[in-house]
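I opened this notebook to record, entry by entry, what I looked up in the model. The sequence and the structure go in first, and my entries follow.

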Amino acid sequence: MTTKPRLFGADYSVYVRAVRLVLAEKGVAYDLTPVDVFASEGVPAAHLARQPFGRIPAFEHNGFSLYETGAITRYVDEVFDGPRLQSSDPLKRARANQIISIADNYVYPILVWGIYVERVSKPSKDGVANEAAISAALPRAVVCLKALSELMGRGTWLAGAELSLADLHAAPMFHYFLLTQEGRDMMQRHVNLASWWVRMAARPSMLGTMPS
Ligand SMILES: N[C@@H](CCC(=O)N[C@@H](CS)C(=O)NCC(=O)O)C(=O)O
């Protein structure tokens, strides 16, 4: 007997959303338990017991506890019924894993923190955009988009003809990046990525997991 998985985190988090997208694409019902890692009193102790680095998400299923988004999404894909989100072809799977790694190591810090947080998030909370940080991030963002565009080539999805974990990992990051004018302008220079985004953004999984 399998129990409903529990996901711990907040709906604004790109990493929580990546897991929610995978659960939605697989058709898996789950409970989302809110955790505020930015609380003034610090990360709640109960959450640190689940995720010692104080990050979200954390995940539990049938008494099995897991953190790190890439591990959670692969587990969900392998354990639950529904469409397979990892190719059985090692080359295609390697390409998807490469894109996930690019998303974690470059797209998240550069497009989300370097551009979106400075341009949109900080000013909306009475902060001031750090223009020097944005200027430094922009050429690095150009490299990110060029690399992803080249890897995607003529595919329908980022890692080929089938929707994969790579799309679901990267899409929440692009959602924030594309709230900036810089992001929209840069995306238009890559026709394949721009059309990927149109397909991606229209999926019910994306529409059903909008950050509040
Ligand atoms: N390596 C982690 C990264 C998760 C992560 O960075 N989550 C962000 C929210 S999107 C977070 O918890 N930030 C809190 C902080 O930086 O203190 C994973 O893959 O799950």
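Which side chain meets that of Lys-4 in a salt bridge? I found that the partner is Asp-31, with 3.4 Å from N to O, where a salt bridge is a side-chain nitrogen of Lys or Arg within 4 Å of a carboxyl oxygen of Asp or Glu. The pair links distant parts of the chain, 27 residues apart, since Lys-4 sits in the segment before strand E1 (6-9) and Asp-31 in strand E2 (residues 31-34). I note that helices (H or I, at least four residues) and strands (E, at least two) are DSSP runs, numbered from the N terminus.

Before going further I wrote down the ground rules. This is a predicted model, in which local features need pLDDT of at least 70 and side-chain atom pairs count only at pLDDT 80 or more, while totals for chains, interfaces and linings use all residues. Residues are numbered from 1 along each chain as its sequence is written, and side-chain values use heavy atoms, with hydrogens and water left out.

The cut-offs I used are buried for under 20% relative accessible area, exposed for over 50%, and partly exposed in between, with a 1.4 Å probe and protein chains only.

Next I searched the whole structure for salt bridges and got eight. One of them joins Lys-122 to Glu-118, with the closest N and O atoms 2.7 Å apart; both residues lie in helix H4 (residues 90-124), four residues apart, which is about one turn of the helix. Lys-122 is partly exposed at 34%, whereas Glu-118 is buried at 8%.

I then turned to Glu-131, whose side chain meets that of Arg-119 in a salt bridge of 2.9 Å, N to O. Because Glu-131 lies in helix H5 (residues 131-152) and Arg-119 in helix H4, this pair ties together parts that are twelve residues apart in sequence. I read Glu-131 as partly exposed at 43%, and Arg-119 as partly exposed at 25%. I also noted a network of salt bridges that links Lys-26, Asp-77 and Arg-84.

For the backbone, I looked up the peptide bond between Ile-56 and Pro-57, which is cis with omega at about 10 degrees; Pro-57 has its place in the loop between helix H2 (45-50) and strand E3 (58-61).

Where does a residue other than glycine have a positive phi? I noted Asn-62, with phi near 50 degrees, in the loop between E3 and strand E4 (64-67), and this residue is partly exposed at 41%. Glu-68, which is not a glycine either, has a positive phi of about 90 degrees; it is found in the loop between E4 and helix H3 (69-79) and is partly exposed at 46%.

My last entry is on helix H6 (residues 165-177), which has 13 residues and reaches 19 Å from its first C-alpha to its last, close to the 18 Å expected, a span taken as 1.5 Å times one less than the number of residues. H6 bends by about 35 degrees at Ala-171, and a proline, Pro-172, follows within four residues; the bend is the angle between axes fitted to the seven residues ending there and the seven starting there. H6 is mostly covered, with 13 of its 13 residues buried.
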